[in-house]
Amino acid sequence: MNAIVLEARRNLARANRILYLKGIVDGFGHVSCRHPEIAGHYLISCNRAPNLVREADIVELDADSDPVGGDTRRLYLERFIHGEIYRTRPDVQAVVHSHSAAMITIAATDVAVKPMFHMAGFLTRTAKFDIREATGRETDMLIGDPDLGRHLADTLGPASAVLMVGHGSTMVGTSLEEAIYRAVYAEVNAGMQLGAMRVSDRVRYLSETESDLATETNRGQLKRCWDLWCEEVDIDA
């Protein structure tokens, strides 16, 4: 295994720990990144709680979300979230799925999540997925097969995030660092939005132009957050 792949695996282990540190995941939730060298493949942990993930836990899955090389370790039930988004969004390099509380709260209402401040400008383009509407039936709410994964990916479309009614949310990014940043600040923004809506029904959100400009500026500053968070969680992977 070469240095590029080793570094991707190590960073993915760090990403799991960061999401736990920031309260985005607990025993559940997962993050993945595209394989840096094999088109259509991606890296994700085997079925472990995020804060326990180490480099050795990272598995390689193919475009159908099946393990490569005869790996028999138990996998996440909802790995199809990742595989089908990668299949439909060539620009996406990393995916985070979580059950963060404020995002779930907003998803359960008819209110759209909107960017409250410049750190969350990416939220100007979001989608909402209701599995009951997608399937026409009641389910266990999980994206447990490729068909449901495709439904979710189609709903996400070109957006940066999709809220999942009664379940959680999924963030995408053009890098692993961006996907982690978005997962963290989406939850911060959602909490702010819920607080502001309790104070007044006249909340000032960022415009689309403000959001797009802030997103581009912040994209060039992601290393600051990433380096800080890695320092806080770094492990003997």
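Buried here means under 20% relative accessible area, and exposed means over 50%. The model described is predicted.

**Helix H8**
- The face of H8 turned away from its buried side carries Lys223, Arg224 and Glu231, which are exposed.
- Buried residues in H8 are Leu222, Cys225, Trp226, Trp229, Cys230 and Val233. They lie on the same side of H8, because the arc they cover around the axis is only 125 degrees.
- Helix H1 (3-21), helix H6 (176-199) and helix H7 (208-219) are among the elements that cover the buried residues of H8.
- H8 has twelve residues (222-233), so at 1.5 Å a residue it should span 16 Å; the C-alpha atoms at its ends are 17 Å apart, which agrees.

**Nonpolar core**
- The largest nonpolar core comprises 67 residues, and Leu176, Ile180 and Tyr185 have the most contacts inside it. H6 supplies the largest share of this core, with nine residues.
- Neighbours within four places in sequence aside, Leu176 is in contact with Asn11, Leu12, Ala15, Val31, Ser32, Cys33, Ala94 and Trp226. Of these contacts, Trp226 is also one of the buried residues of H8.

**Cavities**
- Two cavities of 30 Å³ or more are present in the structure, and the largest cavity holds about 60 Å³ of space.
- The lining of the largest cavity consists of His118, Met119, Gly121, Phe122, Glu178, Tyr181, Arg182, Thr215, Asn218, Arg219 and Leu222. H6 and H7 are the elements that give two or more residues to this lining.
- Leu222 lines the largest cavity and is buried in H8.

Definitions and conventions:
Residues numbered from 1 in each chain as written. Predicted model: local features only at pLDDT ≥ 70, side-chain atom pairs only at ≥ 80, totals over all residues. Heavy atoms only, no water. Helix = DSSP H or I, 4+ residues; strand = E, 2+ residues; numbered from the N terminus. Expected span 1.5 Å × (residues − 1). Buried < 20%, exposed > 50% of the residue type's maximum accessible area, 1.4 Å probe, protein only. Arc of directions from axis to C-beta. Contact = heavy atoms within 4.5 Å. Core = buried A, V, L, I, M, F, W, Y, C linked by side-chain atoms within 4.5 Å. 1 Å grid on protein atoms, 1.4 Å probe; cavity = no way out; pocket = protein on both sides within 12 Å on 5 of 7 lines; lining within 4 Å. Points joined across faces, edges and corners; volume = space filled by probe spheres on them.
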